[in-house]
There are 2 protein chains.
Amino acid sequence: MVRKTNTKERILDFIRVFRRDKGYSPSVREVASHCGIKSPSVVQYHLEQLLEAGLITKDKVRSRSIGLVGDEEGPAQVPLLGVIAAGQPIDIPSVDSQKAGHRMIDVPRDIMRNGRKLFALQVRGNSMVDAMIADADILIMEQADSVNNGDVAACWLENEQEVTLKKIYYEKGQKIRLQPCNPYMLPLFHDAANIRIQGKVVAVLRTKM
Amino acid sequence: MVRKTNTKERILDFIRVFRRDKGYSPSVREVASHCGIKSPSVVQYHLEQLLEAGLITKDKVRSRSIGLVGDEEGPAQVPLLGVIAAGQPIDIPSVDSQKAGHRMIDVPRDIMRNGRKLFALQVRGNSMVDAMIADADILIMEQADSVNNGDVAACWLENEQEVTLKKIYYEKGQKIRLQPCNPYMLPLFHDAANIRIQGKVVAVLRTKM
DNA sequence: GCCAAAGTAGAACAGATGTTCTAATATTGC
DNA sequence: GCAATATTAGAACATCTGTTCTACTTTGGC
């Protein structure tokens with residue numbers, strides 16, 4: 001099966017962007033069509049379970065009556081947990097503690113998908129120009145110990161004692177290919193043992209120009 | 001006839017409470033029923049006029065697609081007006097026309113300050129790596145013919161026939177210094193006459209990693 | 001491999017829904 | 001009162017839409 005992401009997640013995501021975009025909910029068949037599903041009954045099948053799980057609301061028989069729970073309102077913000085620089089590992093004090101006076105960073109709504117644990121780090125220095133990331137940029141990251149091939153991740157390199165931001169590809173023989181985001185630069189190869197994934201980069205914001 | 005309030009007002013009021021209550025819009029016949037109207041065509045008749053007057057939005061044929069304008073505290077979004085690439089000038093079709101089916105881009109709330117006319121352009125190609133901007137990045141821009149020293153602007157270079165993104169510094173003698181955002185790169189100098197400012201870059205978003 | 005469970009596809013149906021057309025009725029300006 | 005305009009009704013239609021049912025395929029545990 002090629003499908004990587006969960007069908008229910010894709011459905012939720014589609015409903016979210018559709019609603020945000022159009023102001024009303026998609027029909028069952030529109031969901032099917034945009035999520036690569038061939039039959040409305042399949043959508044119905046998943047909607048019933050999402051309803052049971054309390055993730056959506058929905059009136060019987062009413063068209064376009066799907067609602068998302070706990071979605072709207074409340075500004076889209078993530079806590080700024082610290083600084084990321086080349087020479088020091090990321091110290092994440094526990095993402096949940098947003099109570100502690102962390103500055104909150106405004107982010108685009110559409111990256112706040114179903115309860116992902118997101119946080120922000122501010123880049124210090126110019127060590128990541130090879131990842132097209134400038135001094136003072138804000139990285140929006142998701143907590144993760146491991147990532148999928150092609151994801152951009154923040155990695156701590158044990159031997160080098162430094163943080164780097166690269167696309168991750170798992171290769172044969174416990175090797176990991178670190179591919180710079182800048183397409184003009186060449187990849188590095190490391191032993192998996194040398195690399196500690198510290199989080200997955202979801203977005204980059206540059207608002208101070 | 002006993003009807004005291006205007007029919008259009010009653011329709012608008014009903015749509016408003018219905019949406020607030022249910023989270024989606026009523027159907028034409030539901031409007032009719034709750035507003036004491038006997039025929040869906042009458043509702044259609046009034047909806048057309050409300051649409052013309054710009055008081056509601058509505059997609060043709062889509063059920064329950066009525067939206068109220070200026071109501072619910074729209075999410076922070078700006079219209080994606082087009083593409084920006086090295087070899088072609090930016091063609092901005094008029095920032096106001098957000099009605100035309102432009103895709104709307106979610107942006108951080110805090111960049112939407114005091115009614116600035118913002119729009120978004122998607123970067124195509126890798127011609128702006130020197131500005132730390134990657135392919136597919138989203139530029140959030142503000143309409144502007146001129147900028148202040150140090151602002152990052154999109155400039156059209158007449159002689160070279162290309163778009164570039166640089167920090168702008170006005171120097172003596174009608175010269176303009178174009179300073180790359182990448183601190184490792186050297187500035188260019190141009191005659192002011194060769195440069196047409198096309199907009200000021202407010203932010204850069206990179207959400208597809 | 002085997003089996004149960006989960007997921008997908010397709011068809012079919014009843015009712016909902018937006019739309020259009022024509023005709024009737026009410027309102028307004030003169 | 002009269003005519004022009006605005007509004008309302010009703011019917012009819014094509015399509016959209018939610019729902020249900022059955023059958024088929026994939027997945028995961030053993």
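**Contacts with the DNA strands**

Guide: A phosphate oxygen of DNA strand C is 2.4 Å from an N or O atom in the side chain of A:His46. This is a predicted model, in which local features need pLDDT of at least 70, side-chain atom pairs count only at pLDDT 80 or more, and totals for chains, interfaces and linings use all residues. Side-chain values use heavy atoms, with hydrogens and water left out; residues are numbered from 1 along each chain as its sequence is written, and chains are lettered from A and ligands numbered from 1 in the order in which they are written.

Visitor: Why is the pair formed by A:His46 and a phosphate oxygen of DNA strand C called a polar contact?

Guide: A polar contact is a pair of N or O atoms within 3.5 Å; within protein, one must be able to donate a hydrogen and the other to accept it, and residues adjacent in sequence count only if both atoms are side-chain atoms. The pair at A:His46 is 2.4 Å apart, so it meets the distance limit. A:Ser41 has a polar side-chain atom 2.6 Å from a base oxygen of DNA strand C.

Visitor: Which helix gives the most to the surface near DNA strand D?

Guide: H3(B) does, with 5 residues. Helices (H or I, at least four residues) and strands (E, at least two) are DSSP runs, numbered from the N terminus.

Visitor: Why are the buried residues of H3(B) said to line one face?

Guide: Buried means under 20% relative accessible area, exposed over 50%, and partly exposed in between (1.4 Å probe, protein chains only). In H3(B), B:Val43, B:His46, B:Leu47 and B:Leu50 are buried. Seen down the helix axis, the buried residues fall within an arc of 105°, so they line one face; the arc is that of the directions from the axis to the C-beta atoms. On the other side of H3(B), B:Glu48 and B:Glu52 are exposed.
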